[in-house]
Structures are given as structure tokens and as C-alpha cells.
Amino acid sequence: MVCGECGRRMDAHWVHRRAGYRCRHGYTTATPRPDQAPRNVYVREDHLRDALPGLLSQQGWEPPDDDA
């Protein structure tokens, strides 16, 4: 997973017993983000899994033909 905001690879993490991904855009608790920096991005894995077929079809991907 790559963050659409900054292009960094998103971190896998667990929150409320669910898998997800987050991007803090290179900022950590040791290097806090400035006020004008973009907000953190969070995506739950189950939401991503549900949206993935539609996102792929928007990019021109077609599922393989199962009859072959």
C-alpha cells in the first residue's frame, strides 16, 4: 500500500482488533508534524478489500477468464 498523499509506503497496524494501514507522512512521536502538514491517513483492510475490485477496474484491469 502506498499513500496517495505523500507516496510513502503505508504501515500495517492493528486498531480495535482490526487490520489496517496508516501513513503519518514521515512524522513520528519523535518528529512531530507541523501544523500545516497533511493529516494522518488510515485505511481499514476490510474496507480496502471491498473497494479493491472497483479500484482495479477503474485502472483498466480485467479479471482473468475462468473458462480458459
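The model is a predicted one, in which local features need pLDDT of at least 70 and side-chain atom pairs count only at pLDDT 80 or more, while totals for chains, interfaces and linings use all residues. Residues are numbered from 1 along each chain as its sequence is written, and side-chain values use heavy atoms, with hydrogens and water left out.

The C-alpha trace spans about 55 × 30 × 15 Å along its principal axes. The radius of gyration is 16 Å, whereas a compact globule of 68 residues would have a value near 11 Å; the radius is taken over C-alpha atoms, and the globule rule is 2.2 Å times the number of residues to the power 0.38. Of the 68 residues, 15% count as buried, where buried means under 20% relative accessible area, exposed means over 50%, and partly exposed lies in between (1.4 Å probe, protein chains only). The accessible surface comes to about 6,000 Å², and 48% of that area belongs to carbon and sulfur atoms; areas come from the Shrake-Rupley method with a 1.4 Å probe, and for residues only the protein chains shown count as cover. Among contacts (heavy atoms within 4.5 Å) between residues at least 6 apart in sequence, 23% join residues at least 24 apart.

Strand S1 covers residues 11-15 and includes His13, which is buried at a relative accessible area of 13%. Not counting residues up to four places away in sequence, His13 touches Arg18, Ala19, Gly20, Tyr21, Arg22 and Tyr42. His16 sits in the loop between S1 and strand S2 (18-23). In contrast to the buried His13, His16 counts as exposed, at 74% relative accessibility. Its backbone also deserves a glance: phi of His16 is near 50°, a positive value in a residue other than glycine. Most residues other than glycine have a negative phi.

The loop between S2 and strand S3 (41-44) holds another histidine, His25. Phi of His25 is positive too, near 55°, but this residue is buried, with a relative accessible area of 7%. Tyr27 belongs to the loop between S2 and S3 and is partly exposed, at 29% relative accessible area. Leaving aside neighbours within four places in sequence, Tyr27 is in contact with Pro32, Arg33, Pro34 and Ala37. Tyr27 and Asn40 are 13 residues apart in sequence, and their C-alpha atoms are 9.3 Å apart in space. Thr31, also placed in the loop between S2 and S3, counts as partly exposed at 39% relative accessibility. From Thr31 to Pro63 there are 32 residues in sequence and 43 Å in space, C-alpha to C-alpha.

Strand S3 contains Val41, a residue that counts as partly exposed at 24% relative accessibility. Val41 is in contact with Cys3, Met10, Tyr21, Arg22, Cys23 and His25, when neighbours within four places in sequence are left aside. Glu5 is 36 residues from Val41 in sequence, yet the two are 8.3 Å apart in space, C-alpha to C-alpha.

The structure holds 1 salt bridge, defined as a side-chain nitrogen of Lys or Arg within 4 Å of a carboxyl oxygen of Asp or Glu. The partners are Arg44 and Asp46, with their closest N and O atoms 2.7 Å apart.

Finally, helix H1 (residues 45-58) has 14 residues. From first C-alpha to last, H1 reaches 19 Å, close to the 20 Å expected at 1.5 Å a residue; the expected span is 1.5 Å times one less than the number of residues. H1 bends by about 45° at Ala51, and a proline, Pro53, follows within four residues. The bend at a residue is the angle between axes fitted to the seven residues ending there and the seven starting there. Just after H1, Gly60 takes a positive phi of about 95°.

Note on methods. Helix = DSSP H or I, 4+ residues; strand = E, 2+ residues; numbered from the N terminus.
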